[in-house]
Amino acid sequence: MHAERFLDTARWGGLAYISDWQETLAGTINVTDPANGNVLASVGLCGAADVSRAAKQARAAQKDWARTPPSRRAAILNRAADLLEQHGAELASWITQESGSIHSKAMIEIEHGALFIRHAASLALQPTGMFLPGMDDRTNYARRVPHGVVGVISPFNFPLVLSLRSIAAAIALGNTVVHKPDPRTPISGGIIIARIFEEAGLPKGVLHVLPGGADPGEALCSDPNIAMVSFTGSARGGAKVGEVCGRHLKRVQLELGGKNALIILDDADLDIAASNAAWGAFLHQGQICMATGLILVDEKIEQGITERLVAKAQHLPAGDPSTNRVALGPIISDTQVETIQKIVDDAVAKGARLLAGGTHEGHFYAATVLSGVKPGMLAFEEEIFGPVACIVSFDTDEQAVELANRSEYGLAAGVISANLGRAVTLGDQLNVGQLHINDQTVNGGPYAPFGGRGKSGNGTRVGGPADIEEFTQWQWVSMKSAATPYPF
């Protein structure tokens with residue numbers, strides 16, 4: 001198969017993947033490029049009835065898949081990773097067009113996506129049991145077993161990676177999967193994944209990809225054939241998912257948003273610190289859960305950091321990523337542009353200084369710098385999901401900790417200092433799920449347990465050593481050589 005034909009729309013256009021490419025009961029939806037509004041393709045739009053039939057097929061396939069030798073599961077996963085890498089250039093162009101990514105960000109998704117799949121393949125080969133002490137002559141052991149069917153709901157911003165990290169781990173450990181990608185990015189977040197696993201030889205029924213909105217998402221959370229839901233998205237969406245799953249006594253993994261602080265101490269190198277702040281705040285237009293939402297700067301170096309950050313913002317053009325001449329692509333929707341503008345305007349009205357940006361042309365929002373941001377402003381309190389650097393000054397390390405910990409979120413934080421011990425001492429006091437010393441807040445990969453606390457999640461993690469814990473459960477087995485009588 002030629003690389004340019006791997007994602008041929010003749011195979012999947014207007015369809016969803018329910019054991020195979022099929023028409024859906026809810027019709028179709030057009031997928032558009034947020035940079036220019038052009039229609040890229042159409043896919044099957046799924047509703048609750050489609051979820052129901054996919055979940056039944058997934059449950060019917062799960063027992064045989066769980067009995068498949070781990071080496072065979074690992075081989076299929078590694079083949080899928082090979083295909084993703086082999087066709088990476090073609091597939092990255094879909095990510096660029098569909099999600100508004102610049103090319104380098106799209107290629108990061110290809111690279112990390114393959115790594116997540118290979119990590120999952122290694123999980124299939126790990127020992128997942130132990131012998132237990134007993135009180136009599138029986139043999140006792142505990143083993144990890146699959147949940148059954150796992151529902152996955154993923155967002156638009158890193159659609160490939162944030163889908164694959166749950167799908168691949170769940171499949172590797174013997175579960176089957178019903179996946180609902182965001183309807184704005186169903187190709188990068190779903191069709192690509194269905195195609196690579198289809199070509200890799202994954203048995204029918206193990207994976208289903210159902211693009212759709214809130215209705216199929218709620219159906220995933222309530223369907224009796226789905227044992228667990230893995231959700232990545234907003235805090236508001238996660239609260240709804242958690243509520244419905246809780247009502248149905250369903251295990252749920254929530255990886256939500258963040259208002260992530262980068263703390264820059266007074267001994268930091270100003271140029272390096274400013275580059276970290278710019279990367280964390282502006283990468284992918286700030287549409288990242290780990291984006292640097294607050295830049296806390298010691299007041300002694302605030303002017304130097306601010307000047308450098310403004311200069312960087314003024315040299316980061318926003319526009320259509322397909323030109324390969326811009327640093328920032330489009331914001332995903334009109335609604336999100338309005339949200340960003342509302343937050344910026346609120347900050348200025350309450351006394352913050354707008355030093356760069358604060359304007360947009362259509363979906364293209366300029367890299368923005370606000371200084372003098374304080375508690376009580378939306379820019380201090382809320383996740384922006386836009387390219388807005390919010391500078392907050394502090395005068396002591398203790399105040400920096402207090403400001404960072406005011407947030408209801410608790411996803412990521414970074415601390416930059418020439419004194420490693422000082423940075424670690426400060427970092428140890430931050431209430432976050434991931435801490436980065438001498439780095440900004442946007443970090444991720446397959447080998448670390450990723451997630452947050454507070455409004456950033458429910459204490460669950462995805463990736464690294466957490467995957468076996470999340471996508472399997474303990475089963476206790478005891479054995480006697482023969483049945484024995486009891487006194488009743």
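In which hand of crossing, left-handed or right-handed, does α8 pass α9?

Analyst: Happy to take you through it. This is a predicted model, in which local features need pLDDT of at least 70 and side-chain atom pairs pLDDT 80 or more, while totals for chains, interfaces and linings use all residues. Residues are numbered from 1 along each chain as its sequence is written, and side-chain values use heavy atoms, without hydrogens and water.

The crossing of α8 with α9 is right-handed (the near helix is turned clockwise from the far one by less than a right angle). Helix α8 covers residues 214–222 and helix α9 residues 235–247; they pack at about 35°, with axes 8 Å apart. Axes are lines fitted to C-alpha atoms, for helices over the stretch in contact, and angles run from 0 to 180 degrees between N-to-C directions. Helices (H or I, at least four residues) and strands (E, at least two) are DSSP runs, numbered from the N terminus.

From α8, the contact (heavy atoms within 4.5 Å) uses E218, C221 and S222, and from α9 it uses K240, V241, V244, C245 and R247.

Now the sheet. Seven strands form an open sheet in the order β2-β1-β9-β8-β7-β10-β11, with mixed pairing; two strands pair if DSSP finds at least two bridges between them. β2 (21–22) and β11 (251–255) are the edges, each with a single partner strand, so one side of each has no neighbour in the sheet. Strands β7 (residues 149–153) and β10 (residues 228–232) pair in the parallel sense over four bridges, and V152 has S230 in β10 as its bridge partner. α8 packs on this sheet too, touching β7, β8 and β10, and its direction makes about 150° with that of β7.
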